[in-house]
Amino acid sequence: MTLLYVLIGMVLGAAALFLVLRFQKVEISSGKRAIVYVLWLIALLLIAFGLSWAVAALEEGVAQSAAMGILVFSGIGLIFGIVGYRLSLPGQPAATDTE
Amino acid sequence: MATTTDDAVATGTGFSRRDFLKLSAAAGGMAGMASLLGLGATAEVAHAATTYDTIDDMIPINMDEFERFDQRNVAFMRSRVPTGLIPPEDTDDPELMAKIWGTDPTYSFEPGDPGFTQIDNAFYEGGRATYHTMGASVTGSGMSVESAVNFKTPDGKLVPWSMFAQTSASYPNAGPGWFDVAEKQYEFDNPSHAAYAVKKAAKMFGADLVGIAPYDERWVYRTEVSFPKDMKGEVIPELVDLNKPVDMGFTPKSVIVLAFEMSYEAFKGGAGTTIVTGATMTGYSRMAEVSLRLAVFLRKLGYKTYHCGNNASSSVSEAIRAGLGEPGRLSILITEEYGPRVRLAKVYTDLEFEYDKPKSFGVTEFCEVCQLCADACPTQAIPHISINDPENKPFNKMNMPGVHKYYLNAQRCLLQWFNVDFMNRTGGGGGDCGICIGVCPYNKPEMWHHDVIKIVTGIPGLNSLARYFDGFFGYGGIPDRQTLTDFWRKDV
């Protein structure tokens, strides 16, 4: 039963953060939109999972597990998020020859 | 608010009512899917198992090599050789046995070491209080090695005193015949009803896990050991019987196996010391209490019973047949709920049930790659080799032959358990070790994040990852001196 609540919390938390991001004015080219959203979704789920893991491990009394949970799961989620953010940035105009 | 995405971008608001509705629907749908997934994941995936019709379908048994076990070959029995009650056999390793018997002066624990202090011993003695008071009531021969202190009845018959007490008129609320089987037999609706009712009673009486299997004589000891004692607690040598047939007084049809969780904290913070012995003995006390309660319950329903602990039959084999778990590398039962951190008792009866099935949930596959118990065993009693290795075979008569399982060197295991000289000097237990149980990755409290890892261990190819992550995440360590010193002062 607890696993159910954890999963619901992760999904709702990720959905709430996703909604917040959508309020921002983000222009993503249509070709990259899907992959950016997928990367963000994976990132948010992993970050939420890592935080949930840490809380459970602290409740258990194993601080090392809590720290490793954040490092491994949320850390990997952060990487996904960073990649997604970088992809969402508009492309830089090509350098022109000034001469 | 803009109504379309284009309007939102044009007006700079970035988000429209239509977008909000779409995303809300998407979030709600995801929550709904997660609910269904979570329901399934929690109940089914975390405890997914393969069931078998019989133990023979699950574990290959070579009936040409298999022999029913004699209790005198249990490793604990060999430790009685110095008393002269059990003759030495050439199966004994003299060098190992000298250490266990205390005749090797170079081998001992120092009393007063953390984990072996007065408070640790007091925990051990408290744990076994009920067991030693009641244990003799669990059949006349006791739970394992110990046999009953006997009362001599007026007709000269020797009866274990606690069995005598159960039917003695001196008990105001019991009285003669209290333990008798009721004449009127209760009729259950069907075998399924019988199983449900008995399991419910067993859990209400205090069992943590209950499984029921049909009777199979192969797993009952061919002979057992009886050490009757007099009222001073001294063994009556002329009555010692090393080859006593197991006589339940009737032909059972079923065996109810009860599992009792032992303290997670004791094995986490006290493995290898008398602290674990206290947790183990607490388990024995619960075995004695609950098996007796269940036996009386069945007797008052009109069914015959024979309740026992370590004696009478191979507890691990019966527990596997009753679907309580799978054998592990450390040669004891591994349950899904508590890992190897359980004690087992049995109640044989002539009542028939809808039976549980043996099940496996990936333990053998995981044990093949894990080997944490073998690495941690201080006396190297647990093998590192594969279960399929031709060298994986019985060490001596202390192992049951013909069964496809990991074979433990029981004498090496006992080295860490007790040293007779140490026990004589301290008056307490040497320690039931339990390091293998403490480090086992299956030994975890019931929390959701451990259920997730159970799911991972069931995925082929991820066993190694789960094994190494167990250590990286801080689990499975052996308590150090400071932890043992702090055990009675704070959470460790």
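# Close-up views of chain B

**B:Tyr442 touches B:Ile334, B:Tyr338, B:Gly339, B:Pro340, B:Phe361, B:Gly362, B:Val363, B:Phe366 and B:Thr457, leaving aside residues up to four places away in sequence.** Contact means heavy atoms within 4.5 Å. This is a predicted model, where local features need pLDDT of at least 70 and side-chain atom pairs count only at pLDDT 80 or more, while totals for chains, interfaces and linings use all residues. Residues are numbered from 1 along each chain as its sequence is written, chains are lettered from A and ligands numbered from 1 in the order in which they are written, and side-chain values use heavy atoms, without hydrogens and water.

**The largest nonpolar core has 42 residues.** B:Leu330, B:Ile334, B:Ile382 and B:Tyr442 have the most contacts inside this core. A nonpolar core is a set of buried Ala, Val, Leu, Ile, Met, Phe, Trp, Tyr and Cys residues joined through side-chain atoms within 4.5 Å. Buried means under 20% relative accessible area, exposed over 50%, and partly exposed in between (1.4 Å probe, protein chains only). Two or more residues each come from α5 (94–101), α10, α11, α13 (363–369), α14, α15 and α17 (435–439) of chain B. Helices (H or I, at least four residues) and strands (E, at least two) are DSSP runs, numbered from the N terminus. The largest share, four residues, comes from α17(B). Another core lies apart from this one and has 41 residues, including B:Ile61, B:Phe69, B:Tyr221 and B:Met400.

**Helix α18 (residues 448–457) of chain B is largely enclosed by the rest of the structure, because seven of its 10 residues are buried.** Those buried in α18(B) are B:Trp448, B:His449, B:His450, B:Asp451, B:Val452, B:Lys454 and B:Thr457.

**An open sheet of four strands runs in the order β4-β7-β11-β8 (chain B), with antiparallel pairing.** Two strands pair if DSSP finds at least two bridges between them. The edge strands, β4 (209–214) and β8 (305–308) of chain B, each pair on one side only. From one strand to the next, the twist averages 20°. Axes are lines fitted to C-alpha atoms, for helices over the stretch in contact; angles run from 0 to 180 degrees between N-to-C directions. Four bridges join β8(B) to β11 (residues 342–349) of chain B. There, B:Thr305 has B:Thr349 as its bridge partner. Helix α9 (residues 191–205) of chain B lies across β4 and β7 (254–261), at about 140° to β4(B). Helix α11 (residues 274–300) of chain B lies across β7, β8 and β11, at about 20° to β11(B).

**Strands β5 (residues 223–226) and β6 (residues 241–245) of chain B run antiparallel.** Three bridges join β5(B) to β6(B). B:Thr223 stands opposite B:Pro245. B:Thr223 and B:Val225 point one way from β5(B), B:Glu224 and B:Ser226 the other way, and all are buried. B:Lys244 forms a salt bridge with B:Glu224, the closest N and O atoms being 3.8 Å apart. A salt bridge is a side-chain nitrogen of Lys or Arg within 4 Å of a carboxyl oxygen of Asp or Glu. The pair links β6(B) and β5(B), its residues 20 apart in the chain. B:Lys244 is partly exposed at 30% relative accessible area, whereas B:Glu224 is buried at 1%.

**B:Glu67 and B:Arg222 meet in a salt bridge (3.9 Å, N to O).** Distant parts of the chain are linked here: B:Glu67 is in the loop between α3 (55–58) and α4 (75–78), B:Arg222 is in the loop between β4 and β5, and they are 155 residues apart. B:Glu67 is partly exposed at 45%, and B:Arg222 is partly exposed at 39%.

**B:Arg321 and B:Glu318 form a salt bridge, with closest N and O atoms 2.7 Å apart.** They are three residues apart in helix α12 (residues 315–321) of chain B, so about one helical turn separates them. B:Arg321 is buried at 7%, and B:Glu318 is buried at 0%. Elsewhere, salt bridges that share partners join B:Glu67, B:Asp70, B:Arg72 and B:Arg222 into one network. The structure holds 20 salt bridges over all chains.

**The search of the whole structure finds zero disulfides over all chains.** B:Cys367 is in no disulfide, and its nearest cysteine sulfur, that of B:Cys373, is 6.3 Å away. The cut-off for a disulfide is a pair of cysteine sulfur atoms within 2.5 Å. B:Cys367 is buried at 8% relative accessibility, and B:Cys373 is buried at 9%.
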